[in-house]
Amino acid sequence: MSTIRVTGLRVRHRRTLALDGVDLAFGPGVHGLLGPNGAGKTSLIRVLATVAEPDGGRVEILGEDVADRGPRGRVRRHLGYLPQEFGYYPGFTVREFVAYVAWLKEMPAAGTDAAVERAVARVGLADRIDAKVRTLSGGMVRRVGIAQAIVNDPRVLLLDEPTAGLDPEQRVEFRELLRELGATTAVIVSTHLVEDVASACTEVTLLERGRVAYRGTPAALAALGASTGARGDSPLERGYTAALGAHRAPGEVTR
Amino acid sequence: MTTSGPLLYARSRALPVTLAALAGTTAFAVWAARLLDAYLDPDRRVPVVALAPLLAAAVIGVSLHTDSAELDRTAVRPWWPRRLTHLLALTALASALLPAAVLGEAHTFGPPAMIRNTLGCTGLTAAAAVLLGARSSWLPAFGYVSAVYLGSAGARGRAVTVWAWPMQPGAQSGAWAAALAAFAVGGALYVVRGARPDGPRA
């Protein structure tokens, strides 16, 4: 059974249709969301995080229809979410900020301190846990964001541009964390960095103008690029370009 | 250092600073009332009764800001009980503190007028927090009360007690109805919808 099932999802931002009848299902594993700017990646992540209401369609997470308030609350206990801009309280330490999110998730108070320390350690910030968030570098703040997203050991983890601001070493460590989490959790990662997808994702979904342009494994996407001779500096970039081209001009390239 | 949820919530909304600011507003109002020799003539309390609630409402309005609106939306529990408690507690506190500046002569810009104006101004800022964002929420109330303060002196007619409610001396029912309506509508809007995010998703 899928952890997430989306049927006929439509999201409109004023006059723009951000998602246009999207059907998707995600199970445990690391799922990369790729696509050009404005393709609908953030809109999809925000609907799955239950912070944005869809204009149409059905979203089921962990077997619950999140359109209803009661199930939505139950699902949120098991959701982790890192928005592109998550915002933090300047006076909070790392420990306090992650604990605040644990409180939002209604985690039992008795286990919160240990869960916070574990989450912070997993992103490599154990030695800065009592530092004010405002004193950290951009990359460290991003890791605080990842820590708050995993503090409740979520069954669904939604990460919007999680590697923005991380240096290469931190990205390598983050991908290891993603692979570890993906063993039991449905992890959906929106990114522009195809190397993140290549090394950490078990599946890739390419969105273009609110529609699904491609779904498959990173290896299959890379093979698509090789077979079409599309532009790009890596096999996956060529696959990305080829899949986008095929979606924009159906019939020219098949998969 | 604490990881208690309610205390973290209070700090996230800068409630310690807000409480200090409300105490400072009260002290300023008491000082201003004495400076104006209001004990000689209660009518001299007009600026205090008009402006002190405005300052308190601005402090309350800014406290409705959240830095992590997007994450707050993922909370398991609905937000309305916390918002209601937040708004009512601060409004009640301001309504209890500010009348200390205008004790006595209740019918002429005394404690009832101060409480009425606190309710009305807080309602305006709460509504503005929903529509404009918490950090700018003081602007409409400031503009309205300033305009009424400057423009209502020579105004005549029954409707004056309604639209010039911040400048009415005491128990005028129209003024109370307008202020209570502003508090009810603004408060309900805020409790149901929350403050508009000030950040990139505004």
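Is A:R14 buried or exposed, and how many C-beta neighbours does A:R14 have inside 10 Å? A:R14 counts as exposed, because 5 C-beta neighbours lie inside 10 Å. In these terms a residue is buried if 20 or more other C-beta atoms lie within 10 Å of its own, exposed if 12 or fewer, and partly exposed in between, with C-beta atoms placed from the backbone.

Before we go on, a word about the model. This is a predicted model, in which local features need pLDDT of at least 70 and side-chain atom pairs count only at pLDDT 80 or more, while totals for chains, interfaces and linings use all residues. Residues are numbered from 1 along each chain as its sequence is written, and chains are lettered from A and ligands numbered from 1 in the order in which they are written.

Back to A:R14, which sits in the loop between β1 (4–13) and β2 (16–26) of chain A. Helices (H or I, at least four residues) and strands (E, at least two) are DSSP runs, numbered from the N terminus. Although A:R14 is not a glycine, its phi is positive, at about 50 degrees. A:R209 also has a positive phi of about 50 degrees without being a glycine. Look for A:R209 in the loop between β9 (203–208) and β10 (211–216) of chain A; with 17 other C-beta atoms within 10 Å, A:R209 is partly exposed.

Now follow β9 and β10 into their sheet. In chain A, six strands form an open sheet with mixed pairing, in the order β6-β7-β8-β3-β9-β10; two strands pair if DSSP finds at least two bridges between them. At the edges stand β6 (79–82) and β10 of chain A, each with a single partner strand, so one side of each has no neighbour in the sheet. Inside the sheet, β3 (residues 29–34) of chain A runs parallel to β9(A), joined by four bridges. Here A:L33 stands opposite A:T205 in β9(A).

Finally, turn to chain B, which has nine helices and zero strands. Its C-alpha atoms fill a box of roughly 55 × 35 × 25 Å along the principal axes. Of the 202 residues in chain B, 46% are buried.
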